[in-house]
Each structure stands twice: as C-alpha cells, then as structure tokens.
Amino acid sequence: MLLRKSGSLEGKIASSEITPKESFFNRRNFLSGAAAIGVGALALKQVPGLLHPEAVHADQQLPAVASKYTLPDAQTPFAKATTYNNYYEFGTAKDQPAKNAHTLRTRPWTVQVSGLVKKPQTIDIDTIMKYRPIESRVYRHRCVEAWSMVIPWDGYSLGEFISEMEPLPSAKFVHFISVSDSKDMPDKPDVLDWPYSEGLRMDEAMNPLCLLTFGCYGEVLPNQNGAPIRVVTPWKYGFKNGKSIVKIIFTDKQPSTSWNESAPNEYGFYSNVNPQVDHPRWSQARERRIDSSPFPKTIPTQMFNGYADQVASLYAGMDLKKYY
C-alpha cells in the first residue's frame with residue numbers, strides 16, 4: 001500500500017493564521033459587537049454553545065509548555081471546536097453536547113487503574129495531571145463522518161502514564177471506560193450500550209503521539225470535549241478517543257469497544273484514518289476542514305491523518321482493509 005507522507009510536525013503556525021485568544025473567550029464583546037451590526041441572533045443560532053457558556057468553557061487556565069508537535073494548518077476557532085461535537089451521552093446532534101454537558105461534574109474525579117499491571121490503584125485526576133509537564137500540541141482531528149478540525153490539545157504522552165503504572169509483559173491492550181452516571185448524564189439516548197468503551201493495542205498507546213489530554217486552547221477541557229481527562233490518538237478516527245475516562249484496564253485480550261460492538265461492519269477496532277477504505281455509507285477519501293471560514297473547504301484525506309511517518313510502522317504487514 002502506498003502511504004502518503006505528511007509534512008514535518010515541527011513547522012510553525014503562521015501568526016496570521018492563529019485566532020487571538022481574546023477572540024475565543026470574550027463572548028460578551030462578541031455578542032455586543034454582533035448585535036451592533038444586526039446579526040446577534042444569527043451568531044447565537046450558528047454558535048449555540050454561546051447560550052450555555054458554563055458548558056463551553058470552564059475559565060480555568062492550564063499551564064502548558066510548547067511542544068515540538070505542531071502544524072502549519074490553520075487552527076479551528078475555539079467557538080467551533082467546542083460547539084460542534086460528538087459526545088452522544090449528551091445528545092446525538094452536534095450542538096447538543098455544548099447545551100447539555102453542564103450537568104457533568106468533573107470534581108471530585110478519580111481514575112481506577114486495574115488489570116495486568118504492577119500498580120493497580122485509584123488515582124485522583126489532579127495527581128494524574130502532575131505526573132509529567134503538560135504540553136500544548138497542535139493535532140489534526142479527523143471524524144469518521146468525514147469532517148476534520150485542527151486543535152491545540154494540552155496533555156502529555158499516554159505512554160508516560162502507562163510507564164508509571166508498570167504494566168505486566170502479558171498486557172497487550174489498554175481498555176478505557178468512560179463515565180456513565182445517571183445524575184451527570186440524565187438524558188443519555190438509547191443508541192449504544194453504556195458506558196462508552198474504547199481500547200488501543202499496547203504499542204499504539206505507547207506511541208509518543210498518543211496524548212493523555214486534560215485541556216485544549218490553553219484551558220481545562222470543556223465538558224463537551226471530554227473533561228476532565230480523555231485520550232487523543234490523532235491518526236485514528238475521533239470515536240477511538242475515549243472521553244471523561246474513569247477506568248483504565250490493562251488486558252491480554254482485545255477489548256470490546258462501543259462502536260465496534262454496535263456496528264462492526266462500519267467501525268473496526270483499529271479505525272485508522274485511511275482514505276482508501278470507505279465507510280459502507282460514504283467515502284473517506286475527502287474531508288470537510290472546519291476552520292475560521294463560514295463554509296468548510298473540502299480537502300483530500302491523508303493516510304493515517306497525515307501521521308504516516310510516525311505510526312505506519314505499527315501496522316507493517318497488516319492488511320489495513322481487513323483490519324480497518
């Protein structure tokens with residue numbers, strides 16, 4: 001299979017392409033300015049999360065050091081990245097998580113580590129955040145529905161956390177379980193078998209690109225983006241990235257995962273971004289890039305979402321159409 005190589009991950013983003021931070025967060029000025037030119041109501045309709053600022057943004061900065069992982073691509077504006085989401089526990093429409101996720105309580109929060117590991121334990125989220133310096137990494141984010149964003153995520157490599165836990169040699173997979181509390185998620189739609197479950201092969205989880213994530217855009221994660229702790233695996237489709245994680249289980253067997261269990265002909269366990277393998281109901285060859293423009297542009301999808309140089313070796317010899 002021919003793998004299309006991406007550009008360097010270490011290029012710098014042009015300053016002209018970066019939306020100023022104050023433009024992301026100063027919602028009051030945005031709305032008053034929009035009203036002055038007669039489009040305030042339209043802005044609220046297009047950015048529904050602005051009606052629910054408690055869900056969109058926690059207003060807590062997350063100190064992060066600059067990372068070598070960056071991109072020349074223009075970033076998706078904060079307002080779009082936090083109001084166009086897949087988080088089905090809070091609704092299946094893209095604008096529903098920003099409206100409904102304010103019910104999620106992110107403190108206190110613990111993560112239970114169990115299975116084939118030398119240090120099984122239950123760890124407070126604030127302790128997990130202190131294991132390693134938090135980096136700001138700009139990653140492409142590709143959804144299986146053929147849209148994409150460019151988001152600055154904040155966290156550190158999942159592999160560093162895994163090393164702290166000391167998995168046994170027999171551990172071949174890492175299994176993630178998301179929160180599924182009826183008080184925090186009172187209106188979960190009956191579309192999946194909850195709680196949400198995802199998993200990675202151990203060598204995937206140990207790849208430096210795989211990010212244990214606590215924030216985005218220099219702030220703590222908004223609830224609808226997976227607060228307070230999630231995984232970001234940028235070469236896989238977005239549903240592979242477990243949100244609001246409460247359990248991490250090390251196992252010797254491939255774990256059952258939510259979408260693969262629900263529709264195995266549509267959602268494979270690996271779910272690597274691959275423009276040559278179509279979803280049964282649509283092509284994966286192109287994607288709609290959501291950026292600052294009012295109308296998303298359609299661009300070619302890159303193999304492994306543009307991270308082939310870093311991850312293609314993980315799948316050497318595998319039939320990626322069979323192991324989709």
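Q: Is Arg281 buried or exposed in this predicted model?

A: A residue counts as exposed when its relative accessible area is over 50%. Arg281 has 54% relative accessibility and therefore counts as exposed.

Q: With which residue does Arg281 form a salt bridge?

A: Side chains of opposite charge can pair when their charged atoms come close. Arg281 forms a salt bridge with Glu266, and their closest N and O atoms are 2.7 Å apart. Both Arg281 and Glu266 lie in the loop between helix H10 (258-262) and S12, so the pair ties together parts that are 15 residues apart in sequence. Glu266, at 18% relative accessibility, counts as buried, because the cut-off for that class is under 20%.

Q: How many salt bridges does a search of the whole structure find?

A: The search finds 17. One of them joins Arg142 to Glu287, with the closest N and O atoms 3.1 Å apart. This pair links distant parts of the chain: Arg142 belongs to strand S4 (residues 135-142) and Glu287 to strand S12 (residues 286-289), 145 residues apart. Both Arg142 and Glu287 are buried. They also take part in a network of salt bridges that links Asp73, Arg140, Arg142, Glu287 and Arg289.

Q: How exposed are the partners Arg201 and Asp203?

A: Their side chains meet in a salt bridge of 2.8 Å, N to O. Arg201 is buried, with a relative accessible area of 15%, whereas Asp203, at 33%, counts as partly exposed.

Q: Where on helix H8 do the buried residues fall?

A: Helix H8 covers residues 158-165, and its buried residues are Leu158, Gly159, Phe161, Ile162 and Met165. Seen down the helix axis, they fall within an arc of 160 degrees, so they line one face of H8. Glu166 follows the helix and has a positive phi, near 55 degrees.

Q: What is the peptide bond from Trp194 to Pro195, cis or trans?

A: That bond is cis, with omega near 5 degrees. Pro195 is in the loop between strand S6 (173-178) and strand S7 (197-201). The bond from Ala227 to Pro228 is also cis, with omega near -5 degrees.

Definitions and conventions. Residues are numbered from 1 along each chain as its sequence is written. This is a predicted model: local features need pLDDT of at least 70, side-chain atom pairs count only at pLDDT 80 or more; totals for chains, interfaces and linings use all residues. Side-chain values use heavy atoms; hydrogens and water are left out. Buried means under 20% relative accessible area, exposed over 50%, partly exposed in between (1.4 Å probe, protein chains only). Helices (H or I, at least four residues) and strands (E, at least two) are DSSP runs, numbered from the N terminus. The arc is that of the directions from the helix axis to the C-beta atoms. A salt bridge is a side-chain nitrogen of Lys or Arg within 4 Å of a carboxyl oxygen of Asp or Glu.
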